[in-house]
Amino acid sequence: MNREAGLGVLFVAGFGPITTDAESSRELYVETLGLPLEPYGEGDYLLTEDGALKGCRHFALWPLAQAAQSCFGCDEWPADLPRPQAWLEFDVENIAVATEGLLARGCQLLVADRQEPWGQRVTRFLSPEGLLLAVSETPWLRGS
């Protein structure tokens, strides 16, 4: 694999469905599947980290309103964009370099190299399949 041509992806930082019915999603993922998801902050964001779910550093149910807030600063997903069904984040060596690489390849960015309140730097965009993708620098995941 030619890492020179890539964006410096280190690992999958996280994955999960984007939810529109928090209670139904909680029932499926927590009650039916038995995933060790815990609430994070206020609202319906449920997550597991630190290897509690083998094979994934961070798995979370992300409410669509929160995804819209993260990308657009409002609770509504824009009607002119495909509504994402899931999110997928790749931690990269250098977020600024990865962001420039995405722009050079013609990607339409929703968020470009933004510092989130929880300490992560992130660039978000939609994939051709309609996934909400991100490249990120997530400091607390790099030690594992």
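Modeller: What follows is a look at helix α3 and the elements around it. Keep in mind that the model is predicted.

Start with the extent. Helix α3 covers residues 95–104. At its N-terminal end sits a cap, N94. A side-chain oxygen of N94 lies 2.9 Å from the backbone nitrogen of A96. After α3 comes G106, with a positive phi near 85°.

Now the two faces. The buried residues of α3 are I95, A98, T99, G101 and L102. They are on the same side of α3, because their arc around the axis is only 160°. The face turned away from that buried side carries exposed residues: V97, E100 and A104.

What does the buried side pack against? The partners of the buried residues of α3 are β5, β6, β7 and β8 (132–137).

Take β5 next, residues 86–92. Strand β5 runs antiparallel to β1 (residues 9–19), and 7 bridges join the two. One of the pairs is P17 with A86 in β5. Strand β1 also runs parallel to β4 (residues 58–63), joined by 3 bridges. There, T19 stands opposite P63.

Then β6 and β7. The loop between β6 (109–115) and β7 (121–126) holds E116. E116 has 5% relative accessibility, so it counts as buried. Its side chain makes a polar contact with the side chain of S70, at 3.3 Å. Beyond its neighbours within four places in sequence, E116 is in contact with S70, V122 and R124.

Definitions and conventions. Residues are numbered from 1 along each chain as its sequence is written. This is a predicted model: local features need pLDDT of at least 70, side-chain atom pairs count only at pLDDT 80 or more; totals for chains, interfaces and linings use all residues. Side-chain values use heavy atoms; hydrogens and water are left out. Helices (H or I, at least four residues) and strands (E, at least two) are DSSP runs, numbered from the N terminus. Buried means under 20% relative accessible area, exposed over 50%, partly exposed in between (1.4 Å probe, protein chains only). A polar contact is a pair of N or O atoms within 3.5 Å; within protein, one must be able to donate a hydrogen and the other to accept it, and residues adjacent in sequence count only if both atoms are side-chain atoms. Contact means heavy atoms within 4.5 Å. Two strands pair if DSSP finds at least two bridges between them. The arc is that of the directions from the helix axis to the C-beta atoms.
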